[in-house]
Amino acid sequence: MRLAWNRLSWLVPSLLVVACGPSQEPMKSPEAPAEVGTSTRSVLYPPPAPASGNIVDSTAFLGPVGLNDSVQTRFTANPQYLSFNFKVAAGAQVRLEVTHLGSSMYLDTGLFIYGPKDASGSYGTTVRAQDDDAGYGELSKVNSLTLAQGGEYLAVVSTGTGAGKQFRLYLGCLNGACAPEDLFTACDLDVATRIEVCDESVVETQHLTPAQALPQCTDAQDAHAAWVEQCQRPSGQKAWCADGEAAFTSRMWPVCKDFYQRYYGAGPLPLTALEDNDAINEARTAGHTRCKAGDNFCDEFLWTFNVPSIADTQPTQLDWVVEGAFAALPELSSNRRVQFQRLADLTYADFASRIAYAFPELGTVLPAELGDGTEVPVVAHLYDNPVVAPGAHDFHNLYLVYFPRSHRTAVFWLIQHEL
(Lines give C-alpha, C1' and ligand atoms only; values in the text may rest on other atoms or scores of the structure.)
Protein backbone atom coordinates (compact mmCIF):
# COMPACT_ATOMS: atom_id res chain seq x y z
CA MET A 1 0.00 0.00 0.00
CA ARG A 2 1.08 3.56 -0.52
CA LEU A 3 0.23 4.55 3.02
CA ALA A 4 3.10 3.35 5.13
CA TRP A 5 1.06 1.17 7.45
CA ASN A 6 4.19 -0.66 8.57
CA ARG A 7 5.37 2.56 10.16
CA LEU A 8 2.12 3.07 12.03
CA SER A 9 1.61 1.45 15.38
CA TRP A 10 -1.54 0.08 16.88
CA LEU A 11 -2.20 -2.52 19.49
CA VAL A 12 -3.95 -5.86 18.99
CA PRO A 13 -5.98 -6.31 22.17
CA SER A 14 -5.87 -9.63 23.95
CA LEU A 15 -7.69 -10.93 26.99
CA LEU A 16 -5.67 -12.18 29.92
CA VAL A 17 -7.73 -13.94 32.58
CA VAL A 18 -6.32 -13.91 36.09
CA ALA A 19 -7.77 -14.59 39.51
CA CYS A 20 -8.37 -11.45 41.49
CA GLY A 21 -10.11 -10.24 44.61
CA PRO A 22 -10.29 -11.54 48.14
CA SER A 23 -12.55 -14.44 49.01
CA GLN A 24 -15.85 -13.41 50.52
CA GLU A 25 -19.23 -14.81 51.36
CA PRO A 26 -22.03 -14.32 48.83
CA MET A 27 -24.40 -11.47 49.58
CA LYS A 28 -28.15 -11.47 49.25
CA SER A 29 -29.53 -9.02 46.75
CA PRO A 30 -30.49 -5.71 48.41
CA GLU A 31 -34.11 -5.21 49.37
CA ALA A 32 -34.10 -1.63 48.02
CA PRO A 33 -35.97 -0.94 44.76
CA ALA A 34 -34.11 -2.55 41.90
CA GLU A 35 -32.39 -0.70 39.05
CA VAL A 36 -33.70 -1.12 35.53
CA GLY A 37 -33.23 -4.75 34.52
CA THR A 38 -32.34 -5.84 38.09
CA SER A 39 -33.40 -9.12 39.60
CA THR A 40 -33.54 -9.67 43.38
CA ARG A 41 -33.73 -13.47 43.28
CA SER A 42 -31.06 -15.75 44.71
CA VAL A 43 -27.64 -14.31 45.68
CA LEU A 44 -25.10 -12.00 44.11
CA TYR A 45 -21.33 -11.95 44.29
CA PRO A 46 -20.49 -8.23 44.15
CA PRO A 47 -16.84 -7.22 43.96
CA PRO A 48 -15.65 -5.92 47.36
CA ALA A 49 -15.18 -2.18 47.62
CA PRO A 50 -11.42 -1.48 47.47
CA ALA A 51 -9.58 1.01 49.64
CA SER A 52 -8.77 3.01 46.48
CA GLY A 53 -12.44 3.78 45.87
CA ASN A 54 -12.08 2.51 42.28
CA ILE A 55 -14.03 -0.72 41.84
CA VAL A 56 -11.83 -1.91 38.98
CA ASP A 57 -9.09 -2.54 41.56
CA SER A 58 -11.18 -5.41 42.98
CA THR A 59 -11.53 -7.08 39.58
CA ALA A 60 -9.47 -8.69 36.86
CA PHE A 61 -9.75 -6.10 34.08
CA LEU A 62 -9.90 -7.73 30.63
CA GLY A 63 -10.29 -4.77 28.27
CA PRO A 64 -13.14 -3.36 26.17
CA VAL A 65 -16.40 -4.79 24.89
CA GLY A 66 -17.72 -3.03 21.80
CA LEU A 67 -21.24 -1.82 21.13
CA ASN A 68 -23.36 -4.51 19.46
CA ASP A 69 -20.51 -6.94 20.11
CA SER A 70 -19.46 -9.51 22.68
CA VAL A 71 -16.47 -10.93 24.54
CA GLN A 72 -15.97 -14.53 25.65
CA THR A 73 -13.66 -15.85 28.35
CA ARG A 74 -13.75 -18.15 31.39
CA PHE A 75 -13.52 -17.99 35.15
CA THR A 76 -10.47 -19.49 36.86
CA ALA A 77 -11.28 -19.14 40.57
CA ASN A 78 -14.09 -18.94 43.14
CA PRO A 79 -15.19 -16.27 43.71
CA GLN A 80 -13.99 -14.14 40.80
CA TYR A 81 -14.85 -10.74 39.32
CA LEU A 82 -13.97 -10.09 35.67
CA SER A 83 -14.45 -6.58 34.28
CA PHE A 84 -14.81 -4.96 30.86
CA ASN A 85 -15.06 -1.28 29.90
CA PHE A 86 -17.34 0.26 27.28
CA LYS A 87 -17.88 3.79 25.98
CA VAL A 88 -21.22 5.37 25.14
CA ALA A 89 -22.68 8.75 24.27
CA ALA A 90 -24.99 10.66 26.62
CA GLY A 91 -28.50 9.21 26.56
CA ALA A 92 -27.42 5.77 25.37
CA GLN A 93 -29.81 2.94 26.14
CA VAL A 94 -27.96 -0.36 26.38
CA ARG A 95 -28.54 -4.02 27.08
CA LEU A 96 -25.93 -6.25 28.73
CA GLU A 97 -26.38 -10.01 28.95
CA VAL A 98 -24.39 -13.08 29.85
CA THR A 99 -25.80 -15.14 27.01
CA HIS A 100 -26.85 -18.78 26.89
CA LEU A 101 -24.93 -19.07 23.61
CA GLY A 102 -21.23 -19.22 24.48
CA SER A 103 -21.69 -19.83 28.21
CA SER A 104 -21.17 -23.11 30.07
CA MET A 105 -24.11 -25.12 31.39
CA TYR A 106 -25.14 -24.61 35.02
CA LEU A 107 -23.10 -21.42 35.36
CA ASP A 108 -24.33 -18.92 37.96
CA THR A 109 -23.25 -15.29 37.39
CA GLY A 110 -23.78 -11.79 38.72
CA LEU A 111 -23.63 -8.64 36.57
CA PHE A 112 -22.78 -5.14 37.83
CA ILE A 113 -22.44 -1.79 36.01
CA TYR A 114 -20.33 1.09 37.39
CA GLY A 115 -19.27 4.50 36.15
CA PRO A 116 -18.86 6.70 34.32
CA LYS A 117 -15.09 6.96 34.71
CA ASP A 118 -14.08 10.32 36.17
CA ALA A 119 -11.12 12.59 35.40
CA SER A 120 -8.92 10.71 37.88
CA GLY A 121 -9.56 7.41 36.10
CA SER A 122 -11.92 5.99 38.75
CA TYR A 123 -15.23 4.22 38.10
CA GLY A 124 -16.17 4.71 41.75
CA THR A 125 -18.03 2.08 43.76
CA THR A 126 -21.64 3.08 43.05
CA VAL A 127 -23.58 0.35 41.25
CA ARG A 128 -25.57 1.78 38.33
CA ALA A 129 -27.40 -1.47 37.68
CA GLN A 130 -27.08 -5.09 38.75
CA ASP A 131 -28.65 -8.46 38.11
CA ASP A 132 -28.41 -12.05 39.26
CA ASP A 133 -30.70 -14.42 37.35
CA ALA A 134 -32.73 -12.40 34.82
CA GLY A 135 -31.02 -14.20 31.93
CA TYR A 136 -31.21 -17.83 30.85
CA GLY A 137 -31.14 -20.21 33.83
CA GLU A 138 -28.87 -18.58 36.42
CA LEU A 139 -27.18 -16.22 33.96
CA SER A 140 -27.43 -12.46 34.31
CA LYS A 141 -29.03 -9.77 32.16
CA VAL A 142 -29.64 -6.02 32.43
CA ASN A 143 -32.33 -5.76 29.79
CA SER A 144 -32.51 -1.97 29.41
CA LEU A 145 -30.31 0.65 31.04
CA THR A 146 -30.36 4.34 30.09
CA LEU A 147 -27.08 6.15 30.74
CA ALA A 148 -27.83 9.86 30.87
CA GLN A 149 -24.15 10.77 31.10
CA GLY A 150 -21.81 9.83 28.28
CA GLY A 151 -18.41 8.36 28.99
CA GLU A 152 -16.68 5.12 29.90
CA TYR A 153 -18.43 2.54 32.07
CA LEU A 154 -17.36 -0.75 33.66
CA ALA A 155 -19.27 -4.05 33.45
CA VAL A 156 -18.31 -6.70 36.03
CA VAL A 157 -19.29 -10.35 35.62
CA SER A 158 -18.90 -12.34 38.82
CA THR A 159 -19.28 -15.92 40.02
CA GLY A 160 -19.03 -17.76 43.29
CA THR A 161 -18.95 -21.30 41.92
CA GLY A 162 -18.00 -21.06 38.23
CA ALA A 163 -14.26 -21.73 38.20
CA GLY A 164 -13.33 -23.41 34.90
CA LYS A 165 -16.56 -22.39 33.17
CA GLN A 166 -16.76 -19.98 30.25
CA PHE A 167 -19.20 -17.18 29.52
CA ARG A 168 -20.07 -14.71 26.77
CA LEU A 169 -20.96 -11.09 27.61
CA TYR A 170 -22.97 -9.20 24.99
CA LEU A 171 -23.42 -5.39 24.84
CA GLY A 172 -26.22 -4.06 22.65
CA CYS A 173 -27.47 -0.57 21.78
CA LEU A 174 -31.26 -0.16 22.00
CA ASN A 175 -31.86 3.41 20.83
CA GLY A 176 -29.34 4.08 18.03
CA ALA A 177 -27.65 6.85 20.03
CA CYS A 178 -24.90 4.97 21.80
CA ALA A 179 -21.71 5.62 19.87
CA PRO A 180 -19.65 8.47 21.35
CA GLU A 181 -19.20 11.47 19.06
CA ASP A 182 -15.43 11.06 19.02
CA LEU A 183 -15.76 7.71 17.24
CA PHE A 184 -16.60 9.69 14.10
CA THR A 185 -13.84 12.29 14.27
CA ALA A 186 -11.30 10.05 12.52
CA CYS A 187 -11.55 7.47 9.75
CA ASP A 188 -11.61 3.91 11.06
CA LEU A 189 -8.39 2.11 10.12
CA ASP A 190 -10.18 -0.78 8.42
CA VAL A 191 -12.31 1.62 6.37
CA ALA A 192 -9.19 3.58 5.42
CA THR A 193 -7.42 0.37 4.39
CA ARG A 194 -10.36 -0.49 2.12
CA ILE A 195 -10.05 2.88 0.36
CA GLU A 196 -6.30 2.46 0.06
CA VAL A 197 -6.53 -1.01 -1.51
CA CYS A 198 -9.20 0.16 -3.95
CA ASP A 199 -7.17 3.20 -4.99
CA GLU A 200 -4.06 1.10 -5.60
CA SER A 201 -6.06 -1.28 -7.76
CA VAL A 202 -7.51 1.52 -9.89
CA VAL A 203 -4.07 3.11 -10.26
CA GLU A 204 -2.57 -0.17 -11.47
CA THR A 205 -5.36 -1.17 -13.82
CA GLN A 206 -6.30 2.21 -15.30
CA HIS A 207 -2.90 3.91 -15.15
CA LEU A 208 -4.24 6.92 -13.25
CA THR A 209 -2.69 8.96 -10.49
CA PRO A 210 -3.88 8.17 -6.95
CA ALA A 211 -5.72 11.52 -6.86
CA GLN A 212 -7.49 10.72 -10.13
CA ALA A 213 -8.42 7.25 -8.90
CA LEU A 214 -9.81 8.39 -5.55
CA PRO A 215 -13.36 9.34 -6.72
CA GLN A 216 -13.84 5.77 -7.97
CA CYS A 217 -13.20 4.46 -4.43
CA THR A 218 -15.17 6.98 -2.35
CA ASP A 219 -18.62 7.28 -3.93
CA ALA A 220 -21.94 6.33 -2.31
CA GLN A 221 -21.62 2.67 -3.31
CA ASP A 222 -18.21 2.46 -1.70
CA ALA A 223 -19.56 4.03 1.49
CA HIS A 224 -22.37 1.47 1.63
CA ALA A 225 -19.98 -1.42 0.96
CA ALA A 226 -17.67 -0.22 3.74
CA TRP A 227 -20.61 -0.04 6.13
CA VAL A 228 -21.81 -3.54 5.27
CA GLU A 229 -18.30 -4.96 5.59
CA GLN A 230 -17.84 -3.63 9.13
CA CYS A 231 -21.38 -3.61 10.51
CA GLN A 232 -23.46 -6.39 8.95
CA ARG A 233 -21.60 -9.34 10.37
CA PRO A 234 -22.46 -11.61 13.28
CA SER A 235 -19.58 -10.50 15.52
CA GLY A 236 -16.75 -8.01 15.67
CA GLN A 237 -18.87 -5.00 14.72
CA LYS A 238 -17.26 -1.61 15.35
CA ALA A 239 -18.69 0.56 18.12
CA TRP A 240 -19.69 3.24 15.62
CA CYS A 241 -22.00 0.75 13.88
CA ALA A 242 -24.45 1.28 16.74
CA ASP A 243 -25.54 4.65 15.36
CA GLY A 244 -26.50 3.22 11.96
CA GLU A 245 -25.46 3.64 8.36
CA ALA A 246 -26.75 7.19 7.99
CA ALA A 247 -24.45 8.39 10.79
CA PHE A 248 -21.47 6.62 9.24
CA THR A 249 -22.22 8.03 5.77
CA SER A 250 -22.72 11.61 6.95
CA ARG A 251 -20.06 11.80 9.65
CA MET A 252 -17.17 9.34 9.22
CA TRP A 253 -17.11 8.74 5.48
CA PRO A 254 -16.48 12.42 4.61
CA VAL A 255 -13.56 12.39 7.07
CA CYS A 256 -12.08 9.41 5.22
CA LYS A 257 -12.48 11.13 1.85
CA ASP A 258 -11.06 14.40 3.14
CA PHE A 259 -7.94 12.74 4.54
CA TYR A 260 -7.16 10.99 1.28
CA GLN A 261 -7.82 14.17 -0.68
CA ARG A 262 -4.79 15.69 1.03
CA TYR A 263 -2.77 12.47 1.14
CA TYR A 264 -3.05 11.96 -2.61
CA GLY A 265 -2.44 15.61 -3.43
CA ALA A 266 -5.94 16.41 -4.66
CA GLY A 267 -6.12 19.51 -2.48
CA PRO A 268 -5.51 20.83 1.04
CA LEU A 269 -6.80 19.00 4.07
CA PRO A 270 -10.48 20.01 4.46
CA LEU A 271 -11.14 21.05 8.05
CA THR A 272 -14.72 20.85 9.32
CA ALA A 273 -16.00 23.48 11.75
CA LEU A 274 -17.03 22.16 15.17
CA GLU A 275 -20.25 23.19 16.87
CA ASP A 276 -20.09 26.11 19.28
CA ASN A 277 -18.72 25.13 22.68
CA ASP A 278 -20.11 27.05 25.65
CA ALA A 279 -17.01 26.65 27.83
CA ILE A 280 -14.69 27.85 25.06
CA ASN A 281 -16.99 30.76 24.22
CA GLU A 282 -17.10 31.84 27.87
CA ALA A 283 -13.31 31.71 28.12
CA ARG A 284 -12.93 33.75 24.96
CA THR A 285 -15.49 36.30 26.16
CA ALA A 286 -13.60 36.80 29.42
CA GLY A 287 -10.40 37.54 27.49
CA HIS A 288 -12.20 39.74 25.01
CA THR A 289 -13.50 41.88 27.86
CA ARG A 290 -9.94 42.39 29.10
CA CYS A 291 -8.77 43.31 25.60
CA LYS A 292 -11.41 46.00 25.26
CA ALA A 293 -10.87 47.50 28.70
CA GLY A 294 -9.00 50.77 28.92
CA ASP A 295 -6.97 51.38 25.76
CA ASN A 296 -8.43 48.59 23.58
CA PHE A 297 -5.01 46.97 23.38
CA CYS A 298 -5.97 43.74 21.58
CA ASP A 299 -8.46 41.91 19.40
CA GLU A 300 -8.90 38.23 18.75
CA PHE A 301 -10.56 35.59 16.52
CA LEU A 302 -11.07 31.93 17.35
CA TRP A 303 -12.18 28.94 15.26
CA THR A 304 -12.31 25.23 16.12
CA PHE A 305 -12.19 22.38 13.59
CA ASN A 306 -12.18 18.64 13.23
CA VAL A 307 -9.03 17.40 11.46
CA PRO A 308 -9.46 14.47 9.03
CA SER A 309 -7.23 11.65 10.28
CA ILE A 310 -6.86 7.88 10.34
CA ALA A 311 -7.57 6.42 13.78
CA ASP A 312 -4.83 4.41 15.53
CA THR A 313 -2.06 5.70 13.28
CA GLN A 314 0.51 8.45 13.45
CA PRO A 315 -1.01 11.96 13.89
CA THR A 316 -1.72 14.11 10.87
CA GLN A 317 1.22 16.35 10.02
CA LEU A 318 1.03 19.78 11.65
CA ASP A 319 1.98 21.33 8.29
CA TRP A 320 -1.19 19.83 6.80
CA VAL A 321 -3.27 21.32 9.62
CA VAL A 322 -1.80 24.78 8.97
CA GLU A 323 -2.41 24.44 5.23
CA GLY A 324 -5.97 23.28 5.88
CA ALA A 325 -6.71 26.19 8.19
CA PHE A 326 -5.65 28.76 5.60
CA ALA A 327 -7.77 26.99 2.98
CA ALA A 328 -10.79 26.95 5.30
CA LEU A 329 -10.53 30.57 6.45
CA PRO A 330 -10.64 33.36 3.85
CA GLU A 331 -9.84 35.71 6.73
CA LEU A 332 -6.34 34.25 6.62
CA SER A 333 -5.81 33.34 3.00
CA SER A 334 -7.29 36.50 1.45
CA ASN A 335 -5.89 39.05 3.88
CA ARG A 336 -3.48 41.27 1.95
CA ARG A 337 -2.50 43.46 4.87
CA VAL A 338 -1.11 40.62 6.96
CA GLN A 339 1.55 38.29 5.54
CA PHE A 340 2.07 35.58 8.14
CA GLN A 341 5.46 33.94 8.49
CA ARG A 342 5.81 30.54 10.17
CA LEU A 343 7.97 30.63 13.29
CA ALA A 344 9.24 27.76 15.43
CA ASP A 345 6.54 25.50 16.85
CA LEU A 346 5.59 25.91 20.50
CA THR A 347 4.77 23.62 23.37
CA TYR A 348 1.29 24.02 24.77
CA ALA A 349 2.75 25.49 27.97
CA ASP A 350 4.54 28.15 25.89
CA PHE A 351 1.33 29.00 24.06
CA ALA A 352 -0.71 29.23 27.28
CA SER A 353 1.87 31.51 28.90
CA ARG A 354 1.93 33.85 25.88
CA ILE A 355 -1.82 34.48 26.00
CA ALA A 356 -2.19 34.40 29.79
CA TYR A 357 -2.11 38.20 30.23
CA ALA A 358 -5.58 38.44 28.66
CA PHE A 359 -6.82 34.88 28.02
CA PRO A 360 -5.79 32.64 30.96
CA GLU A 361 -9.15 30.83 30.91
CA LEU A 362 -8.72 29.91 27.26
CA GLY A 363 -5.38 28.25 27.93
CA THR A 364 -7.05 26.11 30.57
CA VAL A 365 -10.24 25.21 28.75
CA LEU A 366 -8.95 24.17 25.31
CA PRO A 367 -7.36 20.86 26.44
CA ALA A 368 -10.44 20.01 28.49
CA GLU A 369 -12.91 20.70 25.66
CA LEU A 370 -10.96 19.64 22.57
CA GLY A 371 -8.52 17.04 23.93
CA ASP A 372 -8.98 13.70 25.68
CA GLY A 373 -7.44 14.89 28.94
CA THR A 374 -4.09 13.15 28.52
CA GLU A 375 -2.79 13.92 25.02
CA VAL A 376 -0.07 16.50 24.40
CA PRO A 377 -1.16 19.14 21.86
CA VAL A 378 1.32 20.74 19.45
CA VAL A 379 1.19 24.39 18.43
CA ALA A 380 2.14 26.06 15.15
CA HIS A 381 3.00 29.75 15.48
CA LEU A 382 2.79 32.35 12.71
CA TYR A 383 3.52 36.08 13.02
CA ASP A 384 3.43 39.45 11.27
CA ASN A 385 3.72 43.09 12.44
CA PRO A 386 2.40 45.40 9.70
CA VAL A 387 2.59 49.18 10.03
CA VAL A 388 -0.86 50.66 10.63
CA ALA A 389 0.08 54.30 11.20
CA PRO A 390 3.31 56.32 11.24
CA GLY A 391 5.41 54.74 13.96
CA ALA A 392 2.70 52.27 14.98
CA HIS A 393 2.36 48.56 14.34
CA ASP A 394 -0.15 45.80 14.96
CA PHE A 395 1.37 42.57 16.21
CA HIS A 396 -0.40 39.53 14.77
CA ASN A 397 0.19 36.15 16.43
CA LEU A 398 -1.61 33.21 14.87
CA TYR A 399 -1.63 29.97 16.89
CA LEU A 400 -2.87 26.61 15.58
CA VAL A 401 -3.32 24.21 18.49
CA TYR A 402 -3.58 20.61 17.26
CA PHE A 403 -4.78 17.71 19.44
CA PRO A 404 -3.35 14.63 17.70
CA ARG A 405 -5.51 11.92 19.30
CA SER A 406 -8.80 13.80 19.42
CA HIS A 407 -8.24 15.03 15.84
CA ARG A 408 -9.26 18.60 16.59
CA THR A 409 -7.60 21.99 16.26
CA ALA A 410 -8.16 25.51 17.56
CA VAL A 411 -7.07 28.47 15.43
CA PHE A 412 -6.50 31.51 17.62
CA TRP A 413 -5.58 34.86 16.04
CA LEU A 414 -4.45 37.42 18.60
CA ILE A 415 -3.82 41.03 17.49
CA GLN A 416 -2.00 43.37 19.86
CA HIS A 417 -2.08 47.09 19.09
CA GLU A 418 0.92 49.30 19.64
CA LEU A 419 -0.06 52.10 21.99
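This tour moves through a predicted model, from a sheet to aromatic pairs and then to disulfides.

**The sheet**

Begin by selecting strands β4, β11, β6 and β9, which form an open sheet in the order β4-β11-β6-β9 with antiparallel pairing. Strands β4 (69-74) and β9 (141-147) stand at the edges; each has a single partner strand, so one side of each is left without a neighbour in the sheet. From one strand to the next, the twist averages 15°. Next, display β6 (residues 92-98) together with β9, where 5 bridges join the two strands in the antiparallel sense. Within this pairing, leucine 96 has valine 142 of β9 as its bridge partner.

**Aromatic side chains**

The whole structure holds 22 aromatic pairs. Select tryptophan 227 and tryptophan 240: their ring centres are 6.3 Å apart and their planes meet at 50°, so the pair is tilted. Tryptophan 227 belongs to helix α3 (residues 220-231), and tryptophan 240 to the loop between α3 and α4 (245-263), so the pair ties together parts 13 residues apart in sequence. Tryptophan 227 is buried at 8% relative accessible area, and tryptophan 240 is buried at 3%.

Proceed to phenylalanine 351 and tyrosine 399, an edge-to-face pair with 5.1 Å from centre to centre and 65° between the planes. Phenylalanine 351 is in helix α8 (residues 348-355) and tyrosine 399 in strand β18 (residues 392-403); the pair thus links distant parts of the chain, 48 residues apart. Both phenylalanine 351 and tyrosine 399 are buried.

Then select Phe259, Tyr260, Tyr263, Tyr264 and Trp320, which make up one aromatic cluster.

**Disulfides**

The structure contains 5 disulfides. Counting bonded cysteines along the chain, their pattern is 1-2, 3-8, 4-5, 6-7, 9-10.

Select cysteine 173 and cysteine 178, whose sulfur atoms are 2.2 Å apart. The torsion about their S-S bond is about 90°, so this disulfide is right-handed. Both cysteine 173 and cysteine 178 are buried.

Continue to the disulfide between cysteine 198 and cysteine 217. Its torsion is about -85°, so the link is left-handed. Cysteine 198 lies in helix α1 (residues 189-206) and cysteine 217 in the loop between α2 (210-213) and α3, so parts 19 residues apart in sequence are tied together. Cysteine 198 is partly exposed at 21% relative accessibility, whereas cysteine 217 is buried at 1%.

Finish at cysteine 291 and cysteine 298, joined by a disulfide that is left-handed, with -95° about the S-S bond. Cysteine 291 is buried, with a relative accessible area of 0%, and cysteine 298 is buried with 0%.

Methods:
Residues are numbered from 1 along each chain as its sequence is written. This is a predicted model: local features need pLDDT of at least 70, side-chain atom pairs count only at pLDDT 80 or more; totals for chains, interfaces and linings use all residues. Side-chain values use heavy atoms; hydrogens and water are left out. Two strands pair if DSSP finds at least two bridges between them. Helices (H or I, at least four residues) and strands (E, at least two) are DSSP runs, numbered from the N terminus. Axes are lines fitted to C-alpha atoms, for helices over the stretch in contact, and angles run from 0 to 180 degrees between N-to-C directions. Rings of Phe, Tyr and Trp (its six-membered ring) pair if their centres lie within 6.5 Å; planes under 30 degrees apart count as stacked, over 60 as edge-to-face and the rest as tilted. Buried means under 20% relative accessible area, exposed over 50%, partly exposed in between (1.4 Å probe, protein chains only). A disulfide is a pair of cysteine sulfur atoms within 2.5 Å.
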